[in-house]
Amino acid sequence: MSAGATPDTLGFDADDTLWHNETVFRLTEDRFAALLADYADKKHLEERLLAAERRNVAQYGYGIKGFMLSMIETALDVTDRKVPASVISEILEAGKDMLSHPVEPLPHVRETLEAVAGDYRLVLITKGDLFDQERKIAASGLADYFNAIEVVSEKTADTYQALFARHGSGAENALMIGNSLKSDILPALEAGSIGVHVPYQLTWGLEHAEEPAGHDRFHRIDHIGKLLQLLERLG
């Protein structure tokens, strides 16, 4: 597909692209910092927690359950393993609250999906804990817009090549839209797809990456409602 060609398949990230997600993690981090305020300041705790998540993601994967375990590990670490049982209990409760948090679609999402659903194959591609991702997809009320839904452990160029071949006519004829440059955009570009970055107000530390300025298949839009205008330009 040439750089200006219109794709026939649209891939959508879920968390922080279709609905709020990182804000829930940040609120829980604030709760975690308050629980351990007697042992470490907030900035130090955030650094230690991010380091734990970086170490653990290969074992626990992405999502709330791995985040909970990393919080517990960090609590043990900063208290020299003297963390009160009540704090561990509060961390577990915070995680359970996250797992039942309402799913709030972002502005322009539903009307955009309605507008493109009849003209393109729509594929939801999300990573994380299977049960939690399935819960959020169901609670969002958006599942019926998609021709296919895939929950993957990691997003790589091979992932996109395989999924767009399975659910479309190949990665070169697909567009991937998401908030994460690292997970949604860069590997999709590597696979040969168009990558459309829709920034979210918060970015998890492990998802930071440099924008691929000058790449002929890279686009950036302010919000998902501008996808229609972009597709018209590509067409």
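Start at Gly192: this residue follows helix α8 and has a positive phi, near 105°. Helices (H or I, at least four residues) and strands (E, at least two) are DSSP runs, numbered from the N terminus.

The model is predicted: local features need pLDDT of at least 70, side-chain atom pairs count only at pLDDT 80 or more, and totals for chains, interfaces and linings use all residues. Residues are numbered from 1 along each chain as its sequence is written, and side-chain values use heavy atoms, with hydrogens and water left out.

Now select α8, residues 181–191. Eight of its eleven residues are buried (under 20% relative accessible area, with exposed over 50% and partly exposed in between; 1.4 Å probe, protein chains only). Among them are Leu181, Ile185, Pro187 and Leu189.

Go to the N-terminal end of α8. Ser180 caps it, with a side-chain oxygen 3.4 Å from the backbone nitrogen of Lys182.

Next, show what surrounds the helix. The buried residues of α8 pack against β2 (121–127), α7 (157–167), β4 (174–178), β5 (194–197) and β6 (218–220). Contact here means heavy atoms within 4.5 Å.

Select β5. Ile194 and Val196 are buried on one side, Gly195 and His197 on the other.

β4 and β5 pair in the parallel sense over four bridges; pairing requires at least two DSSP bridges between two strands. Gly178 stands opposite His197 of β5. β5 and β6 also pair in parallel, over three bridges. There, Val196 has His219 in β6 as its bridge partner.

Finally, show β4, α8 and β5 together: they form a right-handed β-α-β unit. With the strands pointing away from you, the path from the first strand over the helix to the second runs clockwise.

Key: A polar contact is a pair of N or O atoms within 3.5 Å; within protein, one must be able to donate a hydrogen and the other to accept it, and residues adjacent in sequence count only if both atoms are side-chain atoms.
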